[in-house]
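Colleague: I am new to this one. Please show me the structure, and then we can read its features in turn.

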Amino acid sequence: MKTLLTNISQLLQAREPSVTLVKGKEMETLPLLNNAWILLNDTVIEDYGTMENLPQLEVNETIDCTGKTVLPTWCDSHTHLVYAGNREQEFVDRIKGKTYQEIAASGGGILNSAKKLQITSEDSLYIQAAKRLEEVMQMGTGAIEIKSGYGLTTEAEIKMLRVARKLGKEYDVAVKTSFLGAHAVPQEFKNNKEGYVELICTEMLPKIVSEKLADYIDVFCEDGYFSVEDTRKILSEGKKYNLQGKIHVNQFNAIGGIAEGVKQEALSVDHLEVLQNKDIEALKGSNTMPVALPSCSYFLSIPYTPGRQIIDAGLPLALATDYNPGSTPSGNMNFVVATACIKMKLTPEEAINAATINGAYAMGLSETHGSITKGKSASLIVTKEIPSYGFIPYAFGSDLIDMVFVNGKRRK
Ligand SMILES: N=CN[C@@H](CCC(=O)O)C(=O)O
Ligand SMILES: [Zn+2]
């Protein structure tokens, strides 16, 4: 099946396959073709160019994109999309004055979600998560990472990861999974965190690896959750099974987790709302991608990741949603891109790079996603008629998406 999109006002992010990420000043540049065409052949991008050089092509369908912008789908490299129920009550509790940490300390938060998930069947969990996946694809997400971490028992962690794998298969969308057993210390291990870390390393991890359920290993490295030492132990254990780390770190406190993540060659370090100079220094010269989650800052009213400072230090930056029931009940990457511009002072070019090519890097999908490149996945957003791509963050409350192709399939 060949689909030709013609008269595209702006075709964004057309790059050679050698570009796997952009950093520092490079992030200011968003390559684009004016008055362009692109040819999709089943699941891949076959070719693209400008209208004056459009060759004679035999195609099944031609779509006129006059006035519209085309760009690669969003690469959301950090989500907790598989969860049971919601935490609407905690939202109201926070409005009335409780903090996120106070709610967690009294048995709410992650433990609240774990309680719900443990008693939810795999089928019901799949149905709930599938709805969310359909919604985010319609909002332009074409590749997504999904974490476990609301199971906190071997059985429930496996259940979550099986659901995530099934979503990738059934929807033919790129899904990367991360094993986040170290998301919170379960009640039963309240006075025996070491015992829980041991369970993660000696029981959960081997079983998850034997079922090939995880692509990465994750830890919530934070006061009251898992220490730098725990993080080192769990990431080192993961390495023995060829699982690279992607960690939650510096959300509320800077406790040295970023340097440890870099030392352990983590693919990404995520959150970074509280960042010190030594953390930036630790990231320099590494292959670890810093990932900001501005919707989480918005929803919890916590500081925004200093993305401007990260980019100005010559580093790359990726943007993701953190879609989860507690700190970010939203998987809208358009909002993330707009909020990165409005609150973190990224330019539209930097934000779109961070949400596409760098997002793909942050989940190991550089070869197939994140740019308009021949041979990459036919995963595209076609906007409605807009004056230019700057409208994507500028008109932050509007639905500007006309069509979405994910791996060649129309999802909107
Ligand atoms: N910070 C840790 N984990 C999630 C939130 C978990 C929750 O509140 O359910 C996050 O990335 O924000
Ligand atoms: Zn998260």
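**The ligand shell**

Modeller: Around ligand 1 sit Gly109, Ile110, Ser113, Phe220, His248, Gln251, Cys296, Asp322, Asn324, Pro325, Gly326 and Ser327. A residue is near a molecule if its C-beta atom, placed from the backbone, lies within 6 Å of it. This is a predicted model: local features need pLDDT of at least 70, side-chain atom pairs count only at pLDDT 80 or more, and totals for chains, interfaces and linings use all residues. Residues are numbered from 1 along each chain as its sequence is written, while chains are lettered from A and ligands numbered from 1 in the order in which they are written.

Colleague: How many residues of each class are in the shell around ligand 1?

Modeller: Classes first. Ala, Val, Leu, Ile, Met, Phe, Trp, Tyr, Cys and Pro count as nonpolar, Asp, Glu, Lys and Arg as charged, and the others, Gly among them, as polar. The shell around ligand 1 has seven polar, four nonpolar and one charged residues.

Colleague: Now the domains. Into which domains is the chain divided?

Modeller: Domain bounds come from an automatic or database domain assignment. Here domain 1 is 2-73 + 371-410, and domain 2 is 75-361. Their centres, taken over C-alpha atoms, are separated by 29 Å. The contact between them takes 30 residues from domain 1 and 32 residues from domain 2. Contact is a distance rule: two residues are in contact if their C-beta atoms, placed from the backbone, lie within 7 Å.

Colleague: Which elements supply the side of domain 1 that touches domain 2?

Modeller: Elements are DSSP runs, numbered from the N terminus: helices are H or I with at least four residues, strands are E with at least two. On that side, β5 (68-72), α15 (391-394) and β15 (401-406) each supply at least two residues. β15 gives the most, with three residues. By class, the side has 16 nonpolar, 10 polar and four charged residues.

Colleague: What is a nonpolar core?

Modeller: Start with burial. A residue is buried if 20 or more other C-beta atoms lie within 10 Å of its own, exposed if 12 or fewer, and partly exposed in between; C-beta atoms are placed from the backbone. A nonpolar core is a set of buried Ala, Val, Leu, Ile, Met, Phe, Trp, Tyr and Cys residues joined through C-beta atoms within 7 Å. The largest one here has 126 residues, and Ile38, Val70, Leu319, Val337, Ala340 and Ala355 touch the most other members. Helix α12 (residues 333-344) gives the most to this core, with seven residues. Domain 1 and domain 2 both give residues to this core, so it lies between them.

Colleague: Which residues does Leu319 touch?

Modeller: Not counting residues up to four places away in sequence, Leu319 touches Ala292, Pro294, Val336, Val337, Ala340, Ala351, Ala354, Ala355 and Gly359.

Colleague: How is the span of a helix read, as in α5?

Modeller: The expected span is 1.5 Å times one less than the number of residues. Helix α5 (residues 154-171) has 18 residues and reaches 26 Å from its first C-alpha to its last, close to the 26 Å expected. Its buried residues are Ala156, Glu157, Lys159, Met160, Leu161, Val163, Ala164 and Leu167. Their cover includes α3 (110-118), α4 (122-138), β7 (141-147), β8 (174-182) and α6 (193-210).

Colleague: Why does Ala156 count as buried?

Modeller: Ala156 is buried because 23 other C-beta atoms lie within 10 Å. Leaving aside neighbours within four places in sequence, Ala156 is in contact with Leu117, Gln118 and Gly151.

Colleague: Are Asn35 and Asn250 buried or exposed?

Modeller: Asn35 is partly exposed, with 15 other C-beta atoms within 10 Å. Asn250 is buried, with 25. Asn250 lies in the loop between β10 (244-249) and α8 (257-263). Asp279, in helix α9 (residues 277-283), is in contact with Asn250, Ala254 and Ile258, leaving aside its neighbours within four places in sequence.
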